[in-house]
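Student: I'd like to go through some labels and ask what stands behind each of them. Can we start once the model is on screen?

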Amino acid sequence: MTGELSRRIVLGVGAGVGAALAVGTPSFARTAAREESRSLDELYRAAVAESGKLVVYAGGDRSLQQDAVAAAFRARFPEIDIKIVVDYSKFHDVRINNQLVTNTLVPDVVQLQTLQNFPRWKREGQLLPYKPAGFGKVYDGFKDADGAWLAINVFAFSFIYDVAAVGGHAPTSPKALTDPRWRGRIASAYPNDDDATLFLFKRYAETYGWSWIAELAQQQLAFARGSYTPAEAVAQGRQALGVGGSGDPRVSSPTKWVVPATDPFMAWGQRAAILSRAQNPAAAKLYLNWLLSTERQRLAFNGWSVRTDVAPGAGLRPIWTYRNADLDGFPAFMADRAEVERWRQTFSLYFGEVVGAPTPGRLGLHPGR
(Lines give C-alpha, C1' and ligand atoms only; values in the text may rest on other atoms or scores of the structure.)
Protein backbone atom coordinates (compact mmCIF):
# COMPACT_ATOMS: atom_id res chain seq x y z
CA MET A 1 0.00 0.00 0.00
CA THR A 2 1.43 3.37 -0.98
CA GLY A 3 1.91 6.06 1.62
CA GLU A 4 -0.59 8.34 -0.16
CA LEU A 5 -3.32 5.68 -0.29
CA SER A 6 -2.68 4.81 3.33
CA ARG A 7 -3.01 8.48 4.28
CA ARG A 8 -6.32 8.80 2.41
CA ILE A 9 -7.80 5.71 4.02
CA VAL A 10 -6.84 6.78 7.54
CA LEU A 11 -8.20 10.28 7.08
CA GLY A 12 -11.29 9.20 5.17
CA VAL A 13 -10.87 11.86 2.46
CA GLY A 14 -10.09 12.12 -1.21
CA ALA A 15 -10.07 9.67 -4.10
CA GLY A 16 -10.13 6.05 -3.10
CA VAL A 17 -11.89 6.60 0.19
CA GLY A 18 -15.18 5.22 -1.15
CA ALA A 19 -13.61 1.85 -1.78
CA ALA A 20 -11.79 1.96 1.52
CA LEU A 21 -14.88 2.82 3.53
CA ALA A 22 -17.07 0.36 1.73
CA VAL A 23 -14.99 -2.69 2.65
CA GLY A 24 -17.33 -5.18 4.25
CA THR A 25 -20.44 -3.05 3.64
CA PRO A 26 -23.25 -3.74 1.16
CA SER A 27 -23.82 -1.42 -1.77
CA PHE A 28 -26.90 0.78 -1.38
CA ALA A 29 -29.46 -0.88 -3.61
CA ARG A 30 -32.69 0.93 -4.48
CA THR A 31 -35.19 -0.21 -1.89
CA ALA A 32 -38.88 -0.81 -2.35
CA ALA A 33 -39.37 -0.52 1.40
CA ARG A 34 -42.59 1.05 2.50
CA GLU A 35 -42.98 3.62 5.23
CA GLU A 36 -42.85 2.35 8.77
CA SER A 37 -46.27 1.07 9.83
CA ARG A 38 -45.54 0.21 13.45
CA SER A 39 -46.61 2.55 16.22
CA LEU A 40 -44.12 4.32 18.46
CA ASP A 41 -45.04 1.95 21.27
CA GLU A 42 -44.31 -1.07 19.07
CA LEU A 43 -40.99 0.43 18.00
CA TYR A 44 -40.21 1.16 21.64
CA ARG A 45 -40.73 -2.47 22.63
CA ALA A 46 -38.41 -3.56 19.81
CA ALA A 47 -35.75 -1.10 20.92
CA VAL A 48 -35.92 -2.27 24.54
CA ALA A 49 -35.65 -5.90 23.44
CA GLU A 50 -32.68 -5.06 21.24
CA SER A 51 -30.42 -3.44 23.87
CA GLY A 52 -32.16 -0.41 25.33
CA LYS A 53 -29.32 1.85 24.12
CA LEU A 54 -28.94 4.59 21.52
CA VAL A 55 -26.09 6.92 20.54
CA VAL A 56 -26.64 9.98 18.34
CA TYR A 57 -23.98 12.28 16.90
CA ALA A 58 -25.61 15.69 16.45
CA GLY A 59 -24.16 18.79 14.84
CA GLY A 60 -24.27 21.84 17.07
CA ASP A 61 -22.40 24.50 18.98
CA ARG A 62 -22.75 23.63 22.67
CA SER A 63 -22.42 20.37 24.57
CA LEU A 64 -25.80 20.88 26.27
CA GLN A 65 -27.63 21.94 23.11
CA GLN A 66 -29.52 18.65 22.71
CA ASP A 67 -30.25 18.12 26.42
CA ALA A 68 -33.91 19.12 26.07
CA VAL A 69 -34.38 16.69 23.17
CA ALA A 70 -32.71 13.87 25.10
CA ALA A 71 -34.84 14.64 28.18
CA ALA A 72 -38.05 14.59 26.12
CA PHE A 73 -37.05 11.29 24.53
CA ARG A 74 -36.29 9.76 27.95
CA ALA A 75 -39.62 10.97 29.30
CA ARG A 76 -41.45 9.28 26.43
CA PHE A 77 -39.23 6.16 26.33
CA PRO A 78 -37.73 5.78 29.81
CA GLU A 79 -36.15 2.37 29.22
CA ILE A 80 -33.88 3.65 26.44
CA ASP A 81 -30.45 4.91 27.49
CA ILE A 82 -29.93 7.70 24.95
CA LYS A 83 -26.69 9.63 24.47
CA ILE A 84 -26.67 12.65 22.15
CA VAL A 85 -23.15 13.89 21.52
CA VAL A 86 -22.97 17.46 20.18
CA ASP A 87 -20.02 18.79 18.20
CA TYR A 88 -19.42 20.91 15.12
CA SER A 89 -20.66 18.89 12.13
CA LYS A 90 -17.30 19.35 10.40
CA PHE A 91 -15.67 17.47 13.29
CA HIS A 92 -18.36 14.81 13.60
CA ASP A 93 -18.22 13.86 9.91
CA VAL A 94 -14.48 13.20 9.81
CA ARG A 95 -14.76 11.46 13.19
CA ILE A 96 -17.36 9.12 11.69
CA ASN A 97 -15.20 8.55 8.60
CA ASN A 98 -12.29 7.55 10.80
CA GLN A 99 -14.42 5.30 12.98
CA LEU A 100 -15.69 3.53 9.86
CA VAL A 101 -12.23 2.79 8.48
CA THR A 102 -10.93 1.69 11.90
CA ASN A 103 -14.01 -0.44 12.71
CA THR A 104 -14.68 1.55 15.89
CA LEU A 105 -18.08 3.05 15.03
CA VAL A 106 -19.89 4.64 17.99
CA PRO A 107 -23.10 6.37 16.80
CA ASP A 108 -26.27 4.73 15.55
CA VAL A 109 -27.75 7.95 14.15
CA VAL A 110 -26.03 11.00 12.66
CA GLN A 111 -27.74 14.40 12.22
CA LEU A 112 -25.46 16.97 10.67
CA GLN A 113 -25.14 20.27 8.82
CA THR A 114 -22.43 18.83 6.55
CA LEU A 115 -24.97 17.79 3.93
CA GLN A 116 -22.36 16.66 1.41
CA ASN A 117 -21.56 13.54 3.41
CA PHE A 118 -24.94 11.85 3.07
CA PRO A 119 -24.92 11.15 -0.69
CA ARG A 120 -21.36 9.81 -0.40
CA TRP A 121 -22.17 7.65 2.60
CA LYS A 122 -25.16 6.32 0.66
CA ARG A 123 -22.97 5.40 -2.34
CA GLU A 124 -20.52 3.65 -0.02
CA GLY A 125 -23.24 1.56 1.61
CA GLN A 126 -22.77 3.22 4.99
CA LEU A 127 -26.43 4.22 5.45
CA LEU A 128 -29.38 1.98 6.29
CA PRO A 129 -32.30 2.54 3.91
CA TYR A 130 -35.27 3.35 6.09
CA LYS A 131 -38.48 5.39 5.76
CA PRO A 132 -40.01 6.37 9.08
CA ALA A 133 -43.74 6.99 9.41
CA GLY A 134 -44.60 10.30 7.74
CA PHE A 135 -41.76 10.01 5.20
CA GLY A 136 -44.21 10.69 2.38
CA LYS A 137 -45.19 13.99 4.03
CA VAL A 138 -41.62 15.29 4.17
CA TYR A 139 -40.89 18.04 1.63
CA ASP A 140 -39.25 16.38 -1.39
CA GLY A 141 -36.10 18.49 -1.17
CA PHE A 142 -35.61 17.31 2.40
CA LYS A 143 -35.30 13.56 1.77
CA ASP A 144 -33.55 10.91 -0.26
CA ALA A 145 -36.03 9.02 -2.41
CA ASP A 146 -34.62 5.66 -1.27
CA GLY A 147 -34.77 6.53 2.42
CA ALA A 148 -31.00 6.85 2.91
CA TRP A 149 -31.51 10.11 4.80
CA LEU A 150 -34.10 12.76 5.56
CA ALA A 151 -34.17 16.17 7.18
CA ILE A 152 -35.51 16.30 10.73
CA ASN A 153 -35.21 20.05 11.44
CA VAL A 154 -35.26 23.30 9.52
CA PHE A 155 -32.50 25.78 10.30
CA ALA A 156 -32.25 29.33 8.99
CA PHE A 157 -29.58 32.02 9.40
CA SER A 158 -30.14 35.77 9.17
CA PHE A 159 -29.56 38.79 11.42
CA ILE A 160 -31.05 39.80 14.78
CA TYR A 161 -31.34 43.02 16.75
CA ASP A 162 -32.20 44.33 20.21
CA VAL A 163 -35.48 46.20 19.73
CA ALA A 164 -34.78 48.76 22.48
CA ALA A 165 -31.16 49.29 21.48
CA VAL A 166 -31.88 50.10 17.83
CA GLY A 167 -34.87 52.30 18.64
CA GLY A 168 -36.37 53.89 15.56
CA HIS A 169 -33.56 52.66 13.33
CA ALA A 170 -34.50 48.98 13.23
CA PRO A 171 -32.99 47.50 10.05
CA THR A 172 -35.23 45.50 7.73
CA SER A 173 -32.42 44.48 5.40
CA PRO A 174 -28.93 43.08 6.08
CA LYS A 175 -27.62 45.80 3.79
CA ALA A 176 -28.15 48.24 6.68
CA LEU A 177 -25.44 46.48 8.73
CA THR A 178 -22.85 48.78 7.16
CA ASP A 179 -24.58 51.90 8.51
CA PRO A 180 -21.89 53.77 10.52
CA ARG A 181 -24.27 54.00 13.50
CA TRP A 182 -23.72 50.25 14.08
CA ARG A 183 -19.93 50.36 14.13
CA GLY A 184 -18.69 48.41 17.13
CA ARG A 185 -22.23 47.21 17.91
CA ILE A 186 -22.53 44.01 15.83
CA ALA A 187 -21.83 40.43 16.96
CA SER A 188 -21.11 37.81 14.32
CA ALA A 189 -20.24 34.16 13.97
CA TYR A 190 -17.10 33.61 11.91
CA PRO A 191 -18.03 33.08 8.25
CA ASN A 192 -14.75 31.19 7.80
CA ASP A 193 -15.60 28.77 10.63
CA ASP A 194 -19.21 27.66 10.08
CA ASP A 195 -20.30 26.69 6.56
CA ALA A 196 -23.86 27.96 7.03
CA THR A 197 -22.60 31.39 8.11
CA LEU A 198 -20.16 31.21 5.21
CA PHE A 199 -23.00 30.62 2.75
CA LEU A 200 -24.96 33.52 4.24
CA PHE A 201 -22.00 35.88 3.81
CA LYS A 202 -21.46 34.52 0.28
CA ARG A 203 -25.04 35.49 -0.54
CA TYR A 204 -24.43 38.96 0.90
CA ALA A 205 -21.29 39.36 -1.22
CA GLU A 206 -23.10 38.26 -4.37
CA THR A 207 -26.06 40.57 -3.68
CA TYR A 208 -24.35 43.71 -2.36
CA GLY A 209 -20.86 43.41 -3.84
CA TRP A 210 -17.36 43.25 -2.43
CA SER A 211 -17.30 46.94 -1.62
CA TRP A 212 -20.13 46.28 0.83
CA ILE A 213 -18.14 43.41 2.38
CA ALA A 214 -15.17 45.77 2.73
CA GLU A 215 -17.43 48.28 4.52
CA LEU A 216 -18.74 45.52 6.79
CA ALA A 217 -15.15 44.57 7.66
CA GLN A 218 -14.68 48.15 8.93
CA GLN A 219 -17.63 47.84 11.32
CA GLN A 220 -15.49 46.30 14.07
CA LEU A 221 -17.64 43.17 14.29
CA ALA A 222 -17.32 41.17 17.50
CA PHE A 223 -16.59 37.70 16.11
CA ALA A 224 -16.96 34.50 18.13
CA ARG A 225 -17.06 30.78 17.42
CA GLY A 226 -20.47 29.14 17.47
CA SER A 227 -23.53 30.16 15.48
CA TYR A 228 -25.47 30.71 18.72
CA THR A 229 -23.17 33.56 19.78
CA PRO A 230 -24.73 36.44 17.77
CA ALA A 231 -28.19 35.92 19.30
CA GLU A 232 -26.65 35.40 22.74
CA ALA A 233 -24.64 38.64 22.52
CA VAL A 234 -27.78 40.57 21.55
CA ALA A 235 -29.98 38.89 24.19
CA GLN A 236 -27.43 39.69 26.91
CA GLY A 237 -27.19 43.34 25.86
CA ARG A 238 -23.55 43.16 24.82
CA GLN A 239 -24.31 44.11 21.20
CA ALA A 240 -27.21 45.82 19.45
CA LEU A 241 -27.19 43.51 16.42
CA GLY A 242 -26.00 40.06 15.47
CA VAL A 243 -25.46 38.27 12.18
CA GLY A 244 -24.72 34.71 11.08
CA GLY A 245 -26.94 32.69 13.40
CA SER A 246 -30.41 31.26 13.92
CA GLY A 247 -33.42 32.53 15.82
CA ASP A 248 -37.19 32.45 16.17
CA PRO A 249 -38.85 34.76 13.61
CA ARG A 250 -42.13 34.70 15.58
CA VAL A 251 -40.60 36.64 18.50
CA SER A 252 -40.71 40.42 18.19
CA SER A 253 -39.40 41.53 21.61
CA PRO A 254 -36.99 42.04 23.32
CA THR A 255 -35.07 40.83 20.27
CA LYS A 256 -36.14 40.42 16.67
CA TRP A 257 -34.67 37.83 14.29
CA VAL A 258 -35.38 39.10 10.79
CA VAL A 259 -36.76 37.26 7.78
CA PRO A 260 -36.11 39.84 5.04
CA ALA A 261 -38.88 40.45 2.54
CA THR A 262 -36.67 40.17 -0.54
CA ASP A 263 -33.05 40.43 0.62
CA PRO A 264 -31.10 37.21 1.17
CA PHE A 265 -31.11 34.92 4.17
CA MET A 266 -30.46 31.17 4.11
CA ALA A 267 -32.16 27.97 5.23
CA TRP A 268 -31.61 24.23 5.02
CA GLY A 269 -32.84 20.92 6.39
CA GLN A 270 -30.55 19.23 8.90
CA ARG A 271 -30.11 15.70 7.56
CA ALA A 272 -30.28 12.55 9.67
CA ALA A 273 -29.56 8.93 8.87
CA ILE A 274 -29.09 5.53 10.47
CA LEU A 275 -25.66 4.04 9.87
CA SER A 276 -25.73 0.58 8.29
CA ARG A 277 -23.31 -0.69 10.93
CA ALA A 278 -25.32 0.76 13.81
CA GLN A 279 -25.25 -1.38 16.93
CA ASN A 280 -28.78 -0.32 17.88
CA PRO A 281 -30.84 -0.05 14.66
CA ALA A 282 -34.20 -0.66 16.39
CA ALA A 283 -33.59 2.25 18.77
CA ALA A 284 -32.38 4.37 15.85
CA LYS A 285 -35.65 3.71 14.01
CA LEU A 286 -37.64 4.65 17.10
CA TYR A 287 -35.71 7.91 17.37
CA LEU A 288 -36.29 8.94 13.74
CA ASN A 289 -40.00 8.10 13.93
CA TRP A 290 -40.32 10.15 17.10
CA LEU A 291 -38.48 13.15 15.64
CA LEU A 292 -40.61 13.07 12.49
CA SER A 293 -43.91 12.68 14.36
CA THR A 294 -46.36 15.57 14.02
CA GLU A 295 -46.16 16.02 17.79
CA ARG A 296 -42.45 16.78 17.63
CA GLN A 297 -42.57 18.71 14.37
CA ARG A 298 -45.14 21.11 15.82
CA LEU A 299 -42.57 21.98 18.51
CA ALA A 300 -40.00 23.29 16.00
CA PHE A 301 -38.02 26.01 17.76
CA ASN A 302 -38.38 28.45 14.85
CA GLY A 303 -41.87 27.50 13.69
CA TRP A 304 -40.79 25.65 10.53
CA SER A 305 -41.39 21.93 10.02
CA VAL A 306 -39.88 19.59 7.44
CA ARG A 307 -43.36 18.12 6.90
CA THR A 308 -45.81 19.49 4.36
CA ASP A 309 -48.80 18.60 6.56
CA VAL A 310 -47.60 20.56 9.63
CA ALA A 311 -48.54 24.22 9.38
CA PRO A 312 -45.74 26.72 10.07
CA GLY A 313 -45.90 29.01 13.08
CA ALA A 314 -47.98 32.17 13.15
CA GLY A 315 -46.96 34.70 10.53
CA LEU A 316 -44.79 32.22 8.60
CA ARG A 317 -45.06 30.36 5.32
CA PRO A 318 -43.52 26.94 4.64
CA ILE A 319 -39.78 27.50 4.39
CA TRP A 320 -39.64 26.15 0.81
CA THR A 321 -41.82 29.06 -0.37
CA TYR A 322 -39.18 31.68 0.56
CA ARG A 323 -37.17 32.10 -2.64
CA ASN A 324 -34.75 34.45 -0.88
CA ALA A 325 -33.75 31.58 1.48
CA ASP A 326 -32.11 29.73 -1.46
CA LEU A 327 -33.07 26.35 -0.02
CA ASP A 328 -31.44 24.43 -2.88
CA GLY A 329 -28.32 26.58 -2.91
CA PHE A 330 -26.82 25.42 0.37
CA PRO A 331 -26.70 21.66 -0.45
CA ALA A 332 -25.09 22.46 -3.82
CA PHE A 333 -22.60 24.78 -2.13
CA MET A 334 -21.70 22.17 0.48
CA ALA A 335 -21.09 19.56 -2.22
CA ASP A 336 -18.38 21.69 -3.90
CA ARG A 337 -15.64 21.65 -1.28
CA ALA A 338 -13.15 23.52 -3.47
CA GLU A 339 -15.66 26.36 -3.82
CA VAL A 340 -16.29 26.33 -0.08
CA GLU A 341 -12.58 26.63 0.59
CA ARG A 342 -12.18 29.54 -1.82
CA TRP A 343 -14.94 31.48 -0.09
CA ARG A 344 -13.61 30.58 3.36
CA GLN A 345 -10.12 31.85 2.63
CA THR A 346 -11.41 34.97 0.88
CA PHE A 347 -13.42 35.96 3.96
CA SER A 348 -10.34 35.27 6.09
CA LEU A 349 -8.62 38.03 4.12
CA TYR A 350 -11.40 40.46 4.99
CA PHE A 351 -12.17 39.45 8.58
CA GLY A 352 -9.09 37.64 9.87
CA GLU A 353 -8.46 34.10 11.03
CA VAL A 354 -10.72 32.20 13.40
CA VAL A 355 -9.70 32.61 17.05
CA GLY A 356 -10.82 30.58 20.04
CA ALA A 357 -11.43 27.00 21.13
CA PRO A 358 -14.39 25.07 19.70
CA THR A 359 -17.46 25.85 21.78
CA PRO A 360 -18.51 22.20 22.37
CA GLY A 361 -15.00 21.44 23.67
CA ARG A 362 -12.51 18.95 22.26
CA LEU A 363 -14.20 15.55 22.19
CA GLY A 364 -11.55 13.28 20.69
CA LEU A 365 -12.06 10.27 18.47
CA HIS A 366 -14.80 8.24 20.17
CA PRO A 367 -17.15 10.39 22.27
CA GLY A 368 -20.23 8.60 23.52
CA ARG A 369 -18.52 5.22 23.71
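**What the labels rest on**

Tutor: Let's begin with Trp-343, which is buried at a relative accessible area of 11%. This is a predicted model, where local features need pLDDT of at least 70, side-chain atom pairs count only at pLDDT 80 or more, and totals for chains, interfaces and linings use all residues. Residues are numbered from 1 along each chain as its sequence is written, and side-chain values use heavy atoms, with hydrogens and water left out.

Student: Why is Trp-343 called buried?

Tutor: Buried means under 20% relative accessible area, exposed means over 50%, and partly exposed is in between (1.4 Å probe, protein chains only). Trp-343 has 11%, so it counts as buried.

Student: What makes up the surroundings of Trp-343?

Tutor: Contact means heavy atoms within 4.5 Å. Leaving aside neighbours within four places in sequence, Trp-343 is in contact with Leu-198, Lys-202, Ala-205, Glu-206, Trp-210 and Phe-333. Leu-198 is 145 residues apart from Trp-343 along the chain, with 7.4 Å between their C-alpha atoms. Trp-343 itself lies in helix H14, residues 337–351; helices (H or I, at least four residues) and strands (E, at least two) are DSSP runs, numbered from the N terminus.

Student: Why does Leu-216 get the label buried?

Tutor: Its relative accessible area is 1%, so Leu-216 is buried. Leu-216 sits in helix H9, residues 210–217, and touches Leu-177, Thr-178, Phe-201, Leu-221 and Phe-351, not counting residues up to four places away in sequence.

Student: Is Arg-307 buried or exposed?

Tutor: Arg-307 has 7% relative accessibility, so it counts as buried. You'll find Arg-307 in the loop between helix H12 (294–297) and helix H13 (329–335).

Student: Which backbone oxygen does the side chain of Arg-307 reach?

Tutor: That of Leu-292, at 2.9 Å. A polar contact is a pair of N or O atoms within 3.5 Å; within protein, one must be able to donate a hydrogen and the other to accept it, and residues adjacent in sequence count only if both atoms are side-chain atoms. The residues Arg-307 touches include Leu-292, Lys-137 and Trp-320.

Student: What makes Gln-220 stand out in phi?

Tutor: Most residues other than glycine have a negative phi, and most peptide bonds are trans. Gln-220 has a positive phi of about 55° although it is not a glycine. Gln-220 lies in the loop between H9 and strand S6 (222–224), and its relative accessible area is 55%, so it is exposed.

Student: And what label goes with the 27% relative accessibility of Asp-326?

Tutor: At 27%, Asp-326 counts as partly exposed. Asp-326 has a positive phi of about 50°, again without being a glycine, and lies in the loop between H12 and H13.

Student: Which peptide bond is cis?

Tutor: The one from Ser-253 to Pro-254, with omega near 5°. Pro-254 is in the loop between strand S7 (241–245) and strand S8 (255–258).

Student: How many helices and strands are in the protein chain, and how do you know how compact it is?

Tutor: There are 14 helices and 9 strands. The radius of gyration is 21 Å, close to the 21 Å that the globule rule gives for 369 residues, so the protein chain is as compact as a globular protein of that length. That radius is taken over C-alpha atoms, and the rule is 2.2 Å times the number of residues to the power 0.38.
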